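Colleague: Could you take me through this model with the cut-offs stated as we go?

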Amino acid sequence: SSADLVTVYLWPEANKKVSQLLEIQLKKGTRVVSHDFEMGTWKPVRTVTIADDGTGRSHTLFVYIR
């Protein structure tokens, strides 16, 4: 509950479950960054796409503020 920033790298179904817990436990203004998958029904304040760096895979970061 004292965190200012939480990072998440889970499958979509797990993100949905975790988002419910985070809504209860996080203080207002906490940033949540999810790697590649959105947090259920949450609306990101920013989405950042990181281009393929030669490994054959790009990444997306979803930034939320609770």
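Modeller: Contact here means heavy atoms within 4.5 Å, while helices (H or I, at least four residues) and strands (E, at least two) are DSSP runs numbered from the N terminus. This is a predicted model, in which local features need pLDDT of at least 70 and side-chain atom pairs count only at pLDDT 80 or more, whereas totals for chains, interfaces and linings use all residues. Residues are numbered from 1 along each chain as its sequence is written, and side-chain values use heavy atoms, with hydrogens and water left out.

Colleague: Which pattern does the chain follow along the sequence?

Modeller: The chain has 1 helix and 4 strands. Read along the sequence, these elements give the pattern β-α-β-β-β.

Colleague: What reach does helix α1 have from its first C-alpha to its last?

Modeller: Helix α1 covers residues 12–25, which is 14 residues. The expected span is 1.5 Å times one less than the number of residues, and for α1 that expectation is 20 Å. The helix comes close to this, with a reach of 20 Å.

Colleague: Which strands are included in what covers the buried residues of α1?

Modeller: Buried means under 20% relative accessible area, exposed over 50%, and partly exposed in between, with a 1.4 Å probe and protein chains only. By that criterion Asn15, Ser19 and Leu22 are buried in α1. The cover over the buried residues of this helix includes β1 (5–8) and β2 (31–35).

Colleague: Is Lys17 buried or exposed?

Modeller: Lys17 lies in helix α1. Because its relative accessible area is 60%, Lys17 is classed as exposed.

Colleague: Which residues form the largest nonpolar core?

Modeller: A nonpolar core is a set of buried Ala, Val, Leu, Ile, Met, Phe, Trp, Tyr and Cys residues joined through side-chain atoms within 4.5 Å. In this chain the largest such core has 9 residues, namely Val6, Val8, Leu22, Leu26, Val32, Met39, Trp42, Phe62 and Tyr64.

Colleague: Which strands each supply at least two residues of this core?

Modeller: The core includes Val6 and Val8, as well as Phe62 and Tyr64. The strands that each supply at least two of its residues are β1 and β4 (59–65).

Colleague: Which residues does Val8 touch, not counting residues up to four places away in sequence?

Modeller: Val8 is one of the residues of the largest nonpolar core. With residues up to four places away in sequence set aside, its contacts are Asn15, Val32, Val33, Ser34, His35 and Met39.
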